[in-house]
Amino acid sequence: MQEAAPRSSPIIVITGTPGTGKTTHAQLLAEHSPVSLQHINISELVKEKALHDGFDEEWQSYVVDEDKVVDELEPLVEAGGLILDWHACDAFPERWVDLVVVLQCNHTQLWDRLEDRGYPLKKIQENNEAEIMNVVLEEAREAYAEEIVIPLQSESTEDLESNVSRIVQWIEAWQKNQKLDSGS
Ligand code: ADP
């Protein structure tokens, strides 16, 4: 099989249970990244492009068609330079992804964040349980190579800032490696 050409900018997945801080991190990272990164909030994209099979009233969420999501993103992937912000990280093909950041938050704090968001009780409980059981982290570890999956705590502004600077450092190291690999 032919090797894909190296990308000049990485594809970073920011994932975690709803409410752990994906969108907040993705926005700050897009501002501070040393390379231009486009933040794609997949939940927004699903709504905007109707990449779903309807709205589930009971769960107050769209029934996402993951194949449609992958098809929609595929043309953007070759150029790289993306932050993919979604809770269902294992939907993305392994070949797309350079780094997977899994955000984590203590469950009482998460409960408050989801309550503030006006989620129905059932949805708060389900997400809270998923956070306690590390469901997203386990899914990420099953879907991607161990060394690219990084769990990070997201409970305070200090966490947010230190996480973003850690990812910025990772991007700088990634860029150096790409240059070495391409011999330039
Ligand atoms: P997600 O995209 O994972 O659903 P958001 O980024 O929308 O989560 O964050 C949910 C709420 O939690 C927002 O009100 C946000 O300001 C807050 N929040 C997220 N991460 C942090 C953090 N590290 N410290 C303090 N508040 C945070």
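A pocket, as the word is used here, is an open set of grid points with protein on both sides within 12 Å along at least five of seven lines. In this predicted model, the largest pocket is the space taken up by the ligand.

Around the ligand there are 15 residues, and the closest of them are Gly-19, Lys-22, Thr-23, Thr-24 and Arg-117. Lys-22 brings an N or O atom of its side chain to 2.8 Å from a ligand oxygen. Thr-23 uses its backbone instead, with an N or O atom 2.9 Å from an oxygen atom of the ligand, and a backbone N or O atom of Thr-20 sits 3.3 Å from a ligand oxygen. On its own the ligand has 560 Å² of accessible area, and the protein covers 72% of that.

Turning to the aromatic side chains, ring centres within 6.5 Å of each other count as a pair, and by this rule there are four aromatic pairs. Phe-55 and Tyr-62 make an edge-to-face pair, because their planes stand at 70 degrees, with the ring centres 4.9 Å apart. Phe-55 is partly exposed, at 36% relative accessibility, and Tyr-62, at 32%, is partly exposed too. Trp-86 and Phe-92 have their ring centres 6.1 Å apart and their planes at 50 degrees, so this pair is classed as tilted. Both of these residues, Trp-86 and Phe-92, are buried. Ring pairs also bring in Trp-96, giving a cluster of Trp-86, Phe-92 and Trp-96.

Technical notes: Residues are numbered from 1 along each chain as its sequence is written. This is a predicted model: local features need pLDDT of at least 70, side-chain atom pairs count only at pLDDT 80 or more; totals for chains, interfaces and linings use all residues. Side-chain values use heavy atoms; hydrogens and water are left out. Rings of Phe, Tyr and Trp (its six-membered ring) pair if their centres lie within 6.5 Å; planes under 30 degrees apart count as stacked, over 60 as edge-to-face and the rest as tilted. Buried means under 20% relative accessible area, exposed over 50%, partly exposed in between (1.4 Å probe, protein chains only). A residue is near a molecule or strand if one of its heavy atoms lies within 4 Å of it. A polar contact is a pair of N or O atoms within 3.5 Å; within protein, one must be able to donate a hydrogen and the other to accept it, and residues adjacent in sequence count only if both atoms are side-chain atoms. Accessible areas come from the Shrake-Rupley method with a 1.4 Å probe; for residues, only the protein chains shown count as cover. On a 1 Å grid over the protein atoms alone, a cavity is a set of points where a 1.4 Å probe fits but cannot get out, and a pocket is an open set with protein on both sides within 12 Å along at least five of seven lines; lining residues have an atom within 4 Å of a point. A molecule sits in a cavity or pocket if more than half of its atoms lie within 2 Å of its grid points.
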